[in-house]
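The notes follow in the order in which I went through them.

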Amino acid sequence: MDDRDLALFPFISEASDHVGSLGFSLDRLISSRALDLARIRGKERVIQSISGEIEKTSFSGSEEGPVLSELLSYPFARILVSCIDDPFLTRRYSLAEAVAAYTLLKTRDVEFLSNFGNDFGVDARPSDSYFDINFTDYIKLASSMKDLKWKLVNRKLDHGNVRIAKEEFARLLQEVVRARIHDSLPIDVPEEICDLCAPYLDGIKEILDKRKTEYGAGDFEAVERELFPPCIAHAIANTMAGVNLAHSMRFAMTSFLLTVGMTVDDIINMFNVSPDFDVEKTRYQIEHISGSSGTTYKPPACATMKTYGNCYGEDELCKRIRHPLRYYSMKLWIKKRDEGKVKVQDKVVDPEQK
Amino acid sequence: MNDKTKRFVKSKFQDYYRTAEIHLPPDFTSREWGFILFDEMPEFVMRRHKAFGSSGELHDYLSGMVPAHAYYSVAYYEYPNAPNMKEKNWLSADLIFDLDADHLPGAPKSYADMLEHVKQESLKLYGFLNNDFGFAEEDIHIVFSGGRGYHFHISTPAVRSLGSAERREIVDYVGSTGLEVNRFFGKKGVSGDAGRESAEVFVLPSEDEGGWGGRINRYMVSYLSGIAKQEDSIKILTGFKGIGKKKAEQLIEIFRDERQISLLKNGKMEALSNIPKPFLEALANQAVSEMSASVDEPVTSDVKRLIRLPGSLHGGSGMRVTALSISELETFDPLNDAVVFSDKSVQLKVIKPFSVQMKGNDFVVEPGEGTIEVPEYAAMYLLCRGAAEYGSN
């Protein structure tokens, strides 16, 4: 890979070797004036990961400076993420880096993807526009994918080789990139280095906190469907029953589900009940709303829902909130509070405590 | 099993183990071993967390302790004899398939029928492992379990590191779980001004395409060309829903025409565009259910399971856990080939009615007949199954 590619895919082994060979000390990375741009870009990577997708440049000029900044911004971004050491941010950041990689990988040729795969121990043999990959590699990559099309049983498997299209391979590589970055974080950063990074960290923390309070849940991983507002619950029930939703309602529901932390695959899986379910079309629609086109969409507020006739089953809590997400975050808060209460009661009747 | 019976069965097992050929698994020193001893039966106490450093140690254990059942772990551990799973430090595991008559749909009448039924499933599984998954014949180790089924062991480096979810994908593949037939077989829209129905063409993968698609093609073409050759082909075909005499004649004409057949084999389905889709779908589904191999999913996905040692004896039947090659499997008759005991006459008292056919002889026994005399091999089977006690009183 040339220097530009290493800067675009800074998480591959060759890129970290390259960074090592440049001989920048940690101190220089943190404080050298010459690396200002790398640090600014590093911070930008993290912020973009919180709010949407990490945007990659295409290095139009012939200058080396931007390439080096882009390359070094990655280790700096990792330092920032490690200093904050918040599981939500780590997940979000790893995913955003991986999605950005996927977007780029899709446009590369089969040889490039094949070499890229090698770095992750995946031996994919290119041929025209597809790959042959050993089934053990394939299931390691694909067994976490929810959509039935990834199941081995639905693939062309011949003498141990699974045939996959180029874009499919790029999508699978997104998963290994995400896993590699996620599993390598946080890195061990000395406290004094984090202190030196404070000017960069403050801005990120603010955006992170805002993002988290906006949407209530401290941990987005466990999505509690029974706590959804009545309008969203109604839309889900309809979708599962095969009733066609109005476009505005489908948008509201999908953007809501994405925001509370469900993945595109989770949502597809949830809706994959009716026989005429079109996975590709649904994926396209959901991915569009999830920001693959560059814009992220937030679910509409209650007023907008009412305007479009999508407000359904308004209850007491609805009267106290102005946004469906607020409904969910309040329900989560109430649930946590109540669970706390239960624990207190348990203690009182605990026979060990007589 | 009373004490006298136990002593007798144990002594016969001991005779066997003195000269038995035991098939040690690869890296046997990294395995955990477990045994169930006669003395503790009928309690099923597993003596586990054992490890052996040499084959001599294992042979000494078998002929000294004479276990009723002998197992080793499919897993390889750093410390196989550590007292708990965490300390053992799991490294990797063989890929295992368990085909057991208990788990198969449909209940065949006799033990022999049951064994034959599960053997057919095993042959299907072998086809998947060899053709689709590309395992070489010498890497697929087939073992008769000594009870009601077969185990398949694969120890190649690539499969050893697979996790549970990944192993489940393999089970789903051979069992057609999650298979979407319409993904392979169905209609493809072609753009045009014609109505939706007429603007769809049937597509099917070609016969040499990998995976279920090619399998379905091969099944359908061979099934229909087989019918077309028969004299009562019209009658068979009109038995299908949606196929009248005219459609049946059409089908027969197509499947008697070598040129049409070779087009169909290549996935070119135009010839069948007049044939009702439900018929073709029913045939595809028939193909899937005929070809699926039904294996016991939890066994494959359990990467720490203990599995019977090939060459040992099954304490619940007295039969040998027998390692087989694929050609041996085809002609294998457990009730003859897995029987290790002699023809010497043994006296028994029957406590449960039982019938079994072994070494070509029928044994039908009833309680209350007083003492009976049967050959040792049948006696061992009846004693191990708990259908009789040893001796004349």
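I began with Cys231(A) in this predicted model, and I found Cys231(A) to be buried, because its relative accessible area of 10% falls under the 20% cut-off. I then looked for a partner and noted that Cys231(A) is in no disulfide, the nearest cysteine sulfur being that of Cys311(A), 6.4 Å away. I repeated the search for Cys318(A), which is likewise in no disulfide and has the sulfur of Cys311(A) as its nearest cysteine sulfur, at 6.2 Å. Cys318(A) is also buried, with a relative accessible area of 14%.

Next I asked how many disulfides the structure holds over all chains. I found 1, and it joins Cys83(A) to Cys194(A) with an S to S distance of 2.1 Å. I checked the torsion about the S-S bond of this pair, which is about -90°, so I recorded the disulfide as left-handed. The pair links distant parts of the chain, since Cys83(A) lies in helix 5 (residues 65–84) of chain A and Cys194(A) in helix 10 (residues 191–196) of chain A, 111 residues apart. I noted that both Cys83(A) and Cys194(A) are buried.

The contact is made by Tyr138(A), Leu141(A) and Ala142(A) of helix 8 and by Phe169(A), Leu172(A) and Val176(A) of helix 9; by class I recorded 6 nonpolar, no polar and no charged residues.

Key:
Residues numbered from 1 in each chain as written. Chains lettered and ligands numbered in written order. Predicted model: local features only at pLDDT ≥ 70, side-chain atom pairs only at ≥ 80, totals over all residues. Heavy atoms only, no water. Contact = heavy atoms within 4.5 Å. Helix = DSSP H or I, 4+ residues; strand = E, 2+ residues; numbered from the N terminus. Nonpolar A, V, L, I, M, F, W, Y, C, P; charged D, E, K, R; others polar. Disulfide = S-S within 2.5 Å. Buried < 20%, exposed > 50% of the residue type's maximum accessible area, 1.4 Å probe, protein only.
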